[in-house]
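User: Hi! Could you walk me through this model before I set anything up?
Analyst: Happy to, here it is.

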Amino acid sequence: MSDPNLLSSLSAALEGVVARARPAIVSVHSRRSRATGFVWKQGLVVTADEALADEGDVAIKLADGSSRPATIAGRDHTTDIALLRVDTAGLTPTTLSSQVPALGALSVVVAAQRGVPTAALGAISLSGERWRSLRGGDIDARIELDVHVAFSHQGGLALNAAGEAFGMAVLGPRRVLVIPSATIERVAARLETHGRVARGYLGLGL
């Protein structure tokens, strides 16, 4: 028979984990597309590139229903990271942890639906080494989650049991993947400075 105090303690701990992440989470609205983003630095929001429209206006929506216009500072299709410039007054930048969670560890994905925060609990189903995406991007660790998230929740924060954000949740072909913090920090810094990640090319073009 389960200990009700244990379940209550777990529930309270999860509430605390989500509460820590909420001030950094926003909805990202672009043409015919909805995603989630988080405040990376003051004035800068990271979101999932695949869930961001290729054209049209971009805005973030907050939990109080208000919206703020945003501009694309840069995007990298190969790592699924996009960076937005926006007024982040009243929001709190998140602190990313470089620690990669172990297989089987609990994780919470905190995202947003039309500005309202959402949360989904799951477990780390794969924790592996560095890998290369189908588009050629270098991802610092292979992290997969056994959790269900909607398309608009891409760009949400993946948190460990201590409430530390270890990456950004995105949808893979058949599973939820996490773009780890090390990749986000590396790519977002390049996007902030240069607007893109330059890569070598060898081949023919017409």
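Analyst: Below we go through the basis of the model, its cores, its surface, some loops and the salt bridges.

User: Great. What do I need to know about the basis?
Analyst: This is a predicted model, where local features need pLDDT of at least 70 and side-chain atom pairs count only at pLDDT 80 or more, while totals for chains, interfaces and linings use all residues. Residues are numbered from 1 along each chain as its sequence is written, and side-chain values use heavy atoms, with hydrogens and water left out.

User: Thanks. How many residues are in the largest nonpolar core?
Analyst: That core has 45 residues, and Phe38 and Val46 have the most contacts inside it. Strand S6 (residues 81-86) gives the most to this core, with five residues. A nonpolar core here is a set of buried Ala, Val, Leu, Ile, Met, Phe, Trp, Tyr and Cys residues joined through side-chain atoms within 4.5 Å. Buried means under 20% relative accessible area, exposed over 50%, and partly exposed in between, with a 1.4 Å probe and protein chains only. Helices (H or I, at least four residues) and strands (E, at least two) are DSSP runs, numbered from the N terminus.

User: And what does phenylalanine 38 touch?
Analyst: Leaving out residues up to four places away in sequence, Phenylalanine 38 touches Ala24, Ile25, Leu44, Val45, Val46, Thr94, Leu96, Gly155, Leu157, Met168 and Ile184. Contact means heavy atoms within 4.5 Å. Another core, of 13 residues, lies apart from the largest one, and Ile143, Val149, Phe166 and Val178 are among its members.

User: Where does leucine 121 sit?
Analyst: Leucine 121 is in strand S8 (residues 116-128). It counts as partly exposed because its relative accessibility is 46%.

User: OK, backbone next. Which phi does arginine 32 have?
Analyst: Its phi is positive, about 55°, although arginine 32 is not a glycine. Arginine 32 lies in the loop between strand S1 (25-30) and strand S2 (33-41), and it counts as exposed, at 80% relative accessibility. For context, most residues other than glycine have a negative phi, and most peptide bonds are trans.

User: What about arginine 114?
Analyst: Arginine 114 also has a positive phi, near 55°. The loop between strand S7 (106-113) and S8 holds arginine 114, which counts as exposed at 53% relative accessibility.

User: Is histidine 153 buried or exposed?
Analyst: Histidine 153 is buried, because its relative accessible area is 14%. Histidine 153 is found in the loop between strand S11 (142-146) and strand S12 (157-159). With residues up to four places away in sequence not counted, Histidine 153 touches Thr36, Ala111, Ala112, Gln113, Thr118 and Ala169.

User: Last topic: how many salt bridges are there in the whole structure?
Analyst: A search finds nine salt bridges. A salt bridge is a side-chain nitrogen of Lys or Arg within 4 Å of a carboxyl oxygen of Asp or Glu. One of them joins arginine 31 and glutamate 55, at 2.4 Å from N to O. Arginine 31 lies in the loop between S1 and S2 and glutamate 55 in the loop between strand S3 (44-48) and strand S4 (58-61), so this pair ties together parts 24 residues apart in sequence.

User: And which parts does the pair of glutamate 192 and lysine 41 tie together?
Analyst: Their side chains meet in a salt bridge of 3.1 Å, N to O. Glutamate 192 is in helix H2 (residues 181-194) and lysine 41 in strand S2, so the pair ties together parts that are 151 residues apart in sequence.

User: What does arginine 75 pair with?
Analyst: Arginine 75 forms a salt bridge with aspartate 54, and the closest N and O atoms are 3.8 Å apart. Arginine 75 is in strand S5 (residues 67-76) and aspartate 54 in the loop between S3 and S4, 21 residues apart. Arginine 75 is buried, at 18% relative accessible area, whereas aspartate 54 counts as exposed, at 69% relative accessibility. Salt bridges that share partners join Asp49, Asp54 and Arg75 into one network.
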